[in-house]
Amino acid sequence: MSLTLERIEALAPDQASLASARKLLKPCSWPTLAQAEGLVWGECQGSGATPYRVVVNEADAGYKCTCPSRKFPCKHSLALMWMRADKSSAFVSAPVPEWVKDWLSRRRGSSSAPAKNEEDAQPKPRPSIRLTEIPEAAATADPKSEQRAAAARERNRVEREEAVLAGLDEFDTWLSDQAQHGMANFVAQAAQACRTIAQRLVDTKAQGLAGRLDSLPTRLFTLPGPVRPSAAIRELGQVYLISQAYRRASELPELLAADARLAVGWSITREALLSDSEALRVNAKWRVVAVMSEAQPDRLRRVETWMWRQSDSDGMPPCAVLIDFVPISTGAATGGYLVGDQIDAEVTFYRSSIPLRAQITTLNKGAEQSSEQLALPTRSLSASYTDYEGALAQLPWLGTIPLTFRSANVRRNGEQLYIHDDESGFSLPLHTSQATHALPLASVGPIDGIGLWNGYEFTLAWAETQLGRWVRS
Amino acid sequence: MNRTMLHAKVLPSLLAGTSRHALPELVRPANPNSDGVLEVLSLMGQALRFERPTTPDSFIVEPEIKDERKILAGSLRRPLVRLLTAKNVTEHPGHALARTLERLRLRPHPFDLPLIDAFVRSNAERLGPTAQHWADRQKPEAETQSYFDPELLDESNWAQATLSRRVTYLEQRRRDGADAARTLLESTWGQESAEARFRLLQTLQTALSTTDQPFLSVLEKDRAPRVRALAARFLARLGAAGESPALHACLERIKQSKSGLNRKRTALQLELPANVKDQAASRWILQTFTDVSLRELASAFHLKEEELIESASNDEPFLLALALIATSDLRLDLLELVVAHLPSAWEKMVESGLDTLGTMGELERQRWQEIIVHPYRKDLPTIYHLWQWLHRITDAQAPVAVMSTVLHAKLLKKIPEHECVVWFELLTAICPPARRHELRQQLADFDQSITATPLALLDILDGMEIDGPHG
């Protein structure tokens, strides 16, 4: 059965979804549109840092999109079906990519049949494609209401600034109490103590710090017991540094002050970032080297897509991380991209003294899996670590950072694995979760690669070995 | 203040609490309104962040494993991992993959071993030394073995190979020269584990003769009870232990009579104990007749083995017993005669709980399968557990003749719809290479969501054939 507009109307969850889908019908929104074996797929730049990947099975209208929407099918899936049904866009024939194969292998049964209980429930007005053609009433600009809105925004900003400062004062008091009772004592009741202050900081609109403190107990408990108290000093000391930097932002370099605001919780929307003419932009070929996913206490999943620059852009950051937040309830555990994907795109970095976080501004070409070796700098593990120390001096609350290495070995001491530089004798402990998956690397000799260092453990992400490529799974 | 001083003077205060262990006086807050504790906390935290991680004094030296098998082609790695880690997949694709990897002397990529850990543990012996080392990695060193897997075994290296290959090798040697094979077994007997002793001893069933008797007599004092029991069973078959109790128990239940008007023929009938109800009869038969051979039984009635089968031709329970004994004796020629009188031998054997074909080689297992499936012709059963049992017990792909019947009978179309997924996986797993194309064609008639796993399995198996040493 092929896709028809009637079928799309039947699948659409509501009229609004169809109207949103219509806006995505422009081929320029879709750097990739391809087809093979009864499947069509594409990539669509949405509001997230990572473009969404959409696939539709023409036979049964089964679909999958990497966006975090709770509507099924989402507007991206509907748009792809629509473009296919009305033949308005050209779909190139291409081999089925790995991410589509992954979806196919996991899927069981047809998803096209409407749920019976929905049919039995109260009848809803059926969404109609024809209705989406009604032009929206043109918004008339009213200068007075614009002024009122701007004034309200400014008032909200000032109120929030005050609330944040009040929250930081409360945090100082709380932290003084913890220091009086000692860090050994803090670790024992970290969950309750952090939860309380995190909730208070959420109330005072310092969500960034609240998030750090809320997830602190989890981070501490992944570490061995004896090092937890000293790790608590490191973590709480960083939060205090951020709070001080925020208060004294005017005395700091502009970029460091921006880092402090971001760390406290002032977010920058995609639109604001893209309209910032001074934001750092890098148009290059990138390689996805790691996709990290972590459930947060606020019921969002943080998905980080780490990309390593493959083409020359002297003086520009070699690495970018795209961060998306997806509701845990959607079940999505990964972003749209797979490790190994090659992306030709312009990337815009958030202002920072160590630019890492970015958004894809323009996708020059759809992502493709590539078997090419990763282009890595000729730096040893020890030299990369020295760079890290330099970056830490610039941004004292620096979080996870990628480190590359050449000719290092994975070595074992008991159950703990290390990445070891034989020449300098320097080594970093691998993340305990990799004790099994990275074990085969202990028998393959020297490797080149890249990993993520969080100050405690090194998560090996990618290794070029004599047995081929190894990637974190 | 330097790092050493921070560690010596400040860290203890922060750990114990400044109320208990005051900060040293040398700490002067920058802000006169502050007590300086939080600044010191922050400074200490940053100092700790700049401390380089410590490197252990020594690392473990990883063993060098010589694995001569070819690593699976890169293009097949991801599909293999995807298939073996997919949810709700039956055990059949795993068995088919392990078999094919072993047959083609391929091995999974070492980097994939952690991803398919459960598969590797279940099939370690078939996947080569690297995989076996992986599966044994958490065992104490004393329980591990040397990881050696040469392409060809001979007397000099057979003891170092994996147990399954050693069993196959010894089995073959028994066929070529029973005494020499036994001598070979005797030469390493002292170093074998209980499991190895049991499995290797099973090979003596092939061409068992009185020359094995002295060796078997020694084994009656073996440390492992199941080795002692197996040796005693063999001795009983050889008649070395006087009248076999197992044979006596069987004869007690067989009623002999004469039938025929002109030419009187011996007719044998098995009388089941009164307390053995219908459903338990097959199990009782398996238990009772496991330890006797066809030759012993025939001799007891002064008949040839073929005559024994003929005289039991009207008694289903006794025919089942003979089918089980023929299987255990590896007498497929006689099994064929039994099945001619007992077309439902397959179902009866399933009922009996038979769970092993002993030391049968792959070709024999395929032949055995062909014999018990043959009577059904195109009316093949559509009962899943019968086929599941057949695959499990033979652990081999189906003979071409059986698969041809399956495909010509359009068995796929007769399967209950809700069972299609498991059936298709099973039929794909047992399909020999020569019939895969036809199977693909028949699978194409079904919904893609049902056939995704079977088609992926076919792709991998076909890919392996191309990738293998002869591909």
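**Exercise 1. In which loop of chain B is Ala207(B) found?**

Solution. This is a predicted model, in which local features need pLDDT of at least 70, side-chain atom pairs count only at pLDDT 80 or more, and totals for chains, interfaces and linings use all residues. Residues are numbered from 1 along each chain as its sequence is written, while chains are lettered from A and ligands numbered from 1 in the order in which they are written.

Step 1. Helices (H or I, at least four residues) and strands (E, at least two) are DSSP runs, numbered from the N terminus. Ala207(B) lies in the loop between α9 (194-202) and α10 of chain B.

Step 2. Most residues other than glycine have a negative phi, and most peptide bonds are trans. Phi of Ala207(B), however, is near 55°, a positive value in a residue other than glycine.

Step 3. A residue is buried if 20 or more other C-beta atoms lie within 10 Å of its own, exposed if 12 or fewer, and partly exposed in between, with C-beta atoms placed from the backbone. Ala207(B) has 17 C-beta neighbours inside 10 Å and therefore counts as partly exposed.

**Exercise 2. Describe the backbone at Glu37(A) and at Pro73(A).**

Solution. Step 1. Glu37(A) belongs to the loop between β1 (32-36) and β2 (39-44) of chain A. Its phi is near 50°, a positive value in a residue other than glycine.

Step 2. Because 13 other C-beta atoms lie within 10 Å, Glu37(A) is partly exposed.

Step 3. Pro73(A) sits in the loop between β4 (62-65) and α3 (75-85) of chain A. The peptide bond from Phe72(A) to Pro73(A) is cis, and its omega is near -5°.

**Exercise 3. Determine how α6(A) and α8(A) are arranged.**

Solution. Step 1. Axes are lines fitted to C-alpha atoms, for helices over the stretch in contact, and angles run from 0 to 180 degrees between N-to-C directions. The axes of α6(A) and helix α8 (residues 190-203) of chain A come within 10 Å and cross at roughly 165°.

Step 2. This makes α6(A) roughly antiparallel to α8(A); angles under 35 degrees count as roughly parallel, over 145 as roughly antiparallel, 65 to 115 as roughly perpendicular and the rest as oblique.

Step 3. Two residues are in contact if their C-beta atoms, placed from the backbone, lie within 7 Å. From α6(A), the contact uses Gly167(A), Glu170(A), Phe171(A), Trp174(A) and Gln178(A), and from α8(A) it uses Ala193(A), Ile197(A), Arg200(A) and Leu201(A).

Step 4. Ala, Val, Leu, Ile, Met, Phe, Trp, Tyr, Cys and Pro count as nonpolar, Asp, Glu, Lys and Arg as charged, and the others, Gly among them, as polar. The contact of α6(A) with α8(A) thus has 5 nonpolar, 2 polar and 2 charged residues by class.

**Exercise 4. Is helix α23 of chain B largely enclosed or open?**

Solution. Step 1. Helix α23 (residues 420-430) of chain B has 11 residues, 9 of which are buried, so this helix is largely enclosed by the rest of the structure.

Step 2. Among the buried residues are Trp423(B), Phe424(B) and Glu425(B).

Step 3. The cover of these buried residues includes α4 (92-103), α20 (384-394), α21 (400-408), α24 (436-443) and α25 (448-467) of chain B.

**Exercise 5. How many residues does each chain give to the contact between chains A and B?**

Solution. Step 1. Chain A gives 51 residues and chain B gives 37 residues.

Step 2. On the side of chain A that touches chain B, α10(A) gives the most, with 9 residues.

Step 3. By class, that side of chain A has 21 nonpolar, 20 polar and 10 charged residues.
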